[in-house]
Amino acid sequence: MVAQNIFFYVIAAGMVGAAVAVVTTRNVVHAALYLIAVFAGVAAQFIILAAEFVAVTQVLIYIGAIMVLMLFGIMLTRARIGRDVDMTNDHWWIGVGTAVLLAAVMGYALIDRWGDDALPAERQVNAVGGSNTATVSDSIFSQYLIPFEIVSVLLLAALVGAIVIARKDR
Amino acid sequence: MLEQAWIIPIIPAASFFGILLFGKRLPRKGSELGVAAVGVAFVLALVTQVQWFQHVDDAENESEPTEEHAAAVVDIDSESAAPVQEEEQPAEEDGGEHASIEPVTREWTWFQFGETEAKVGTLIDGPAVMMLIVVTLVSLLVHVYSTDYVGGDRRYTHFFAFLSLFTASMLGLVMSKTTLQLMVCWELVGVCSFVLIGHWWEEKANSDAALKAFITNRVGDVGMITGVIVLFFAAGQTFDILDINTQALNGDISHLALLVASCALIAAVMSKSGQFILHTWLPDAMAGPTPVSALIHAATMVVAGIYMVSRLYGVFWEGLSIGISSVNLLALVGGVTVLGGAGLAFVQNDIKRVLAYSTVSQLGYMVMALGVGAWTAALFHLFTHAFFKACLFLGSGSVSHAVHSFDMREMGGLRRWMPHTFKTFIIATAALIGIFPFAGFWSKDEILAGASQLGGPGNYRVFMVVGILGAVMTAAYMTRCVYLTFFGEFRGHGQPHESGPRIVVPLWILAVLGVVAGLANLPSALAPDSVELRFEHYYEPVGAYFPSIMPEFAHPEFSIGIALVSTLIGLTGIAIGVAWYTGRIGLRGITERNRLADVGYTTLVNKYYFDHLYTGVIADGTKGPVARGANWVNQNVIDGVVNGAGRLATVTGRWVYAHVDQQVVDGAVNGSASAAQGGGQVFRQLTSGKVQQYGALLFGAAALFAGVFIVFV
Amino acid sequence: MDDLMLNQFLLLGAILFCIGVYGVIARKNTVMVLMSIELILNAVNINLLTFGAANGDVAGAVFALFVIAVAAAEVGVGLAMVLIIYRNRASVDLDDVDSMRG
C-alpha cells in the first residue's frame, strides 16, 4: 500500500506540474507535449484505481488520437511553432481568481465530506471469475446499452458535423 | 461436406483479399484467382448437393426400413447443374408424407452480450443447397464471361475482387444459421451491388444509380432491422432461424408479433427484390457492367428477398395466415409488381432496362407464389429464372459488345451476324415466356396452379388472373425486344460481329439449362414416378421448422387446363407482338389518336411517376414546404403575435400616458430611467462578446453558488 | 499513510479541474483553450473512477469511457470550428472573436 501511495504522490506531483505548464507555457507545441504527460499520468492513476481497461482506452484515445488531432490543429492554423510573445490574454487575473475560488470551495467541500475515508483495499470489482474489463464490457452491452448506442450516434453526428463544418467547397 | 459447408464461402472471400493484394501483379490481373476460387466453390457445391441427396434418401430409408432402396446413382457433371432429372430413384410416396429430414447445422459463437450469445453458422437444407448450386454456377459463368467482357478495363482487378466478395457474401447469406448472420450478409451483398453498379463512376449517371440503389435499399433495411429485432424478442432472445420458425409454427409467438415482423420484413423484400413501390433502383442499376446485371440484378442478389421469405416461411405463414386467407400483403405486393413491372417493360428502348423490368415482374411472380402458399413453386421459379434471365442479360451484353450500344433503336437484324447469341436469346426468351417445354413453362405453371388451388375459402384466384395477364404481357414485351434486336434491318453503325468463345460458351450453357431446368420438377401427372417432382422432393424442407407440418399446407396439382391456357396466352402475346412489328397492324399510332392511350403511354414512360414521387415530392417536399411552412408561421403567427402585442402595448401605453403617467409617475419614471441607463451601461461592459469572459462569469458564479450551498445548507 | 485515501484522488481531480478552468479563461490561442478543456474532462474522469472504486461499482468506469468518447467528438468538432475561424479571420486568437459583443 505504501508503494502505491508513493507512486500516487510522485505521479500526482508530475501531473500537476505538467498541467500548470500546459496553461502557462508560451510554446503551443510544448503545451501539447506537457498535455501528453498529464494524460499519461491520468492513465497511471487509473491503473492504481484498478481500472486497467479505462487506462488503456485513455492511452489509445487521448494520447493516440486526440493529441494527434490537436497537433494537426496547431499546424493547420499555422500558430507560430516556437516561442510566442504573449499567449495569455489581458484578463488572466480573472482566471486566477476564478480558479482559486473554485479550488477553495471544492477543497473545503471534499475535506469536509470525505475527510479520511479510505478506498477499499480490494478494488477489483468482483465479477464471477471475471476481470474488471469483462465486467465493464458486460455492463456496457446490457445495462448501459442505450447510452452506448446514443454515444455511437453522437460520434457519428460529430464526425459528419466536423466534415461539414471544415470542408472548403461551399 | 454437409458439415464443412462453411468452406464454400471462405474460398471466394479469400480470393477477394488475394485479388486485392496481389491481383495487379498476376499475369491475368487477378481474374484467374477469381475464376479458380469460384470454380472450386462450384465443385464443392456439387459435392454438397450429392451428399444432401444421400442425406434425404437416408432419412427416408430410416423411416421406412422395409422399402428396398437402391443407392442413389448420381451423375453430375459441370454442364448439368440441375442434375435431379438424371437420377434414378425407386418410387415413393408424395412429398408431404415422408419423415422429417434434419437439416445439417453447425454453429459458432460470434459474440456475447449479457446472457445472450450471437451465433454464426451454417444451415444446410434443401433451399440452401439449391441456392448454393445456382449462385456458384451463375457466378462461375459470369466470371468466365467477364474475362472477355470487361477485358482491358481500367479497374479490371477491382472488378474481379468485388465479384469474388459478392459471391462469398451471397453464399454466406444462403447458408445463414441466424437472422443476424442473414442481415450481415444481406448488407454485404448490398455493398457489393453498390460498388459494382458504380464501377464506371466517372460518369455521373452511374454513380447516381449506385447511390440510388444503396439509399433505396437502406429504406428497406429499416424494415429488415425492425423485423429481426421483433423476432429476436418475440422468440425469447434468439436469432436462430430454425428456432424462430419452430416457435412460430407451434404458436409460441403471438400472432401480432409475427404480423408486425412479417410486414417489416416485406419492406426489406420490397427494396432488395425490387418489388413495388421500392423497385425504382433496379432498372437504374443497369448502369453497371452487364455481367454484374446478370449475376447480381437478375440471378442472385435480387432473389435474396425471396430467399429470406422462404427461409423464415414459418413466420410469414403464421403472421399473414397464408394457409387460410384469400388475400395478404405478400401476395398483393407480388401481384402488383407482376403487372406493374411488365407494363413498364413495354416502353423501354434500352434492352437492359426491358430485361430489368422483366426481372422486377418475374420477382413479383415469386413473391406472389410465396404469398399464396406455393413455396416450392416460388423457389422452383427462382431456380429456372436464374438461368434463363442470366442468359438473357449475358446475351444483351454480347449484343452491346457488337454494336456498342444498349439502345434497341440502334440494333436490328442482328440474327445474321450473331447466330449464337440469337439462338441462345431465343431459347431464353421462350423459357421466360413459358413455352412448352422450356423451363419457365413448368415453373410459371406451378405458380398459376398454386394461385388457383391453394388458400382459404376465398382462394387466391384473383392472383391466378394476375399471373395470366402478366404472362401475356411478358410474351408481348419480349417479342418486341427480340424483334427490335434481332429482326428487321440493322440500324446502328459499323459492322456487328459475333462475340468470342468466352462469351458464347456461358451463353450456351445457360441456354441449355434454360431448357432442362424445368425438368427438375415434372408434375406427377406427366412423368413416371421415378422422375416426378424431384425438386420438391429434395429441396423442400420437411420438419417442425417448415409449414409442411401444418394441415393447410398443400402442393398444387398439375392442371392441364391451366397449362393449356397459359401456353395459349403466351402464344397470343407473341402473336400480338409479331403482328405489331411485322404486319404493321393493330394499334400503331394509337397514342396520337387516343387520349387515354397517350396518357397511359406517358405514365409508363415516366415509370408511374415513382421517381418524381421520391425525388420531387418526398425529398423536395421535406425541404421546400417545411421551409415555406416555417416561414409562413414566422411571418403570420409570430409576427402577428408580436405586432398584436406591440399594438396592445401602444394602446395601453397611450391610456397610461394620458391618465397615470402624466399626473402620477412622471417623476418616478424619470428617476428609474436614469437608473436603468446606468445599470445598462454596467451590463454592457459585461457583454463584451469575449467568450472567455463569459466562461469566467460562468465558473465564478458556479463557485460562488457552490460556496453558498456549502456554508448555508 | 498506509491506505490509499479517497480524498487524495478527489483533490488531484479538483486541482486539475481548476488548472483547466484557468486555462480556459486565460489562454489566447483557441487550440490551447481546447487543451484546457481536455484537462477538465480528465479531472472529471478521475473523479468518476475514484467514486466507482469506492463503491465497488462498474458504473464509474463505464461513464468514464462515455466521457472519453464525448471528448473525442468534442475535439473533432472543436478543431473543425477552429479551422473555419482561422480561415475566415486568419487568426486563432480568441480576443479577436467578439462578434457577440452587445
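**Briefing: helix packing and chain contacts in a predicted three-chain model**

In chain B, Ile351(B), Val354(B), Ser358(B), Ser361(B), Tyr365(B), Met368(B) and Val372(B) of α14(B) are in contact with Phe463(B), Gly467(B), Gly470(B), Thr474(B), Tyr477(B), Cys481(B) and Thr485(B) of α18(B). Classified by type, this contact comprises eight nonpolar and six polar residues, with no charged residues. The model is predicted.

**The α14(B)–α18(B) pair**

- The crossing of α14(B) past α18(B) is left-handed.

**A buried helix, α10(B)**

- Helix α10 of chain B, residues 290-299, is mostly covered, and ten of its ten residues are buried.
- The buried residues of α10(B) are Thr290(B), Pro291(B), Val292(B), Ser293(B), Ala294(B), Leu295(B), Ile296(B), His297(B), Ala298(B) and Ala299(B).
- Among the elements of chain B that cover these residues are α3 (126-149), α4 (156-174) and α5 (179-197).
- The cover also includes α9 (281-284), α14 (351-372) and α15 (375-403) of chain B.

**Chains A and C**

- Chain A has six helices and zero strands, in the order α-α-α-α-α-α from the N terminus.
- Of the 170 residues of chain A, 29% count as buried.
- Of the contacts in chain A between residues at least 6 apart in sequence, 55% link residues at least 24 apart.
- Chain C has three helices and zero strands, and its pattern along the sequence is α-α-α.
- Of the 102 residues of chain C, 60% count as buried.
- In chain C, residues 24 or more positions apart make up 45% of the contacts with a separation of 6 or more.

**Contact between chains A and C**

- Chain A contributes 77 residues to this contact and chain C contributes 64 residues.
- On the side of chain A that touches chain C, at least two residues each come from α1 (2-24), α2 (28-48), α3 (52-76), α4 (92-113), α5 (132-140) and α6 (145-166) of chain A.
- By class, the residues on that side of chain A are 59 nonpolar, 15 polar and three charged.

**Contact between chains A and B**

- Here 13 residues come from chain A and eleven residues from chain B.
- On the side of chain A that touches chain B, α4(A) gives the most, with eight residues.
- That side of chain A has seven nonpolar, five polar and one charged residues.

**Confidence in chain B**

- The mean pLDDT of chain B is 79, with 84% of its residues at 70 or more.
- Within chain B, confidence is highest in helix α11(B), residues 304-311, at 90.
- Confidence in chain B is lowest in helix α22(B), residues 590-593, at a mean of 56.
- Residues 66-98 of chain B have pLDDT below 50, and this stretch has 57 contacts in the model beyond near neighbours in sequence.

Key
Residues numbered from 1 in each chain as written. Chains lettered and ligands numbered in written order. Predicted model: local features only at pLDDT ≥ 70, side-chain atom pairs only at ≥ 80, totals over all residues. Contact = placed C-beta atoms within 7 Å. Helix = DSSP H or I, 4+ residues; strand = E, 2+ residues; numbered from the N terminus. Nonpolar A, V, L, I, M, F, W, Y, C, P; charged D, E, K, R; others polar. Buried ≥ 20, exposed ≤ 12 C-beta atoms within 10 Å, placed from the backbone. Left-handed = near helix turned anticlockwise from the far one by under 90°. pLDDT = per-residue confidence, 0-100.
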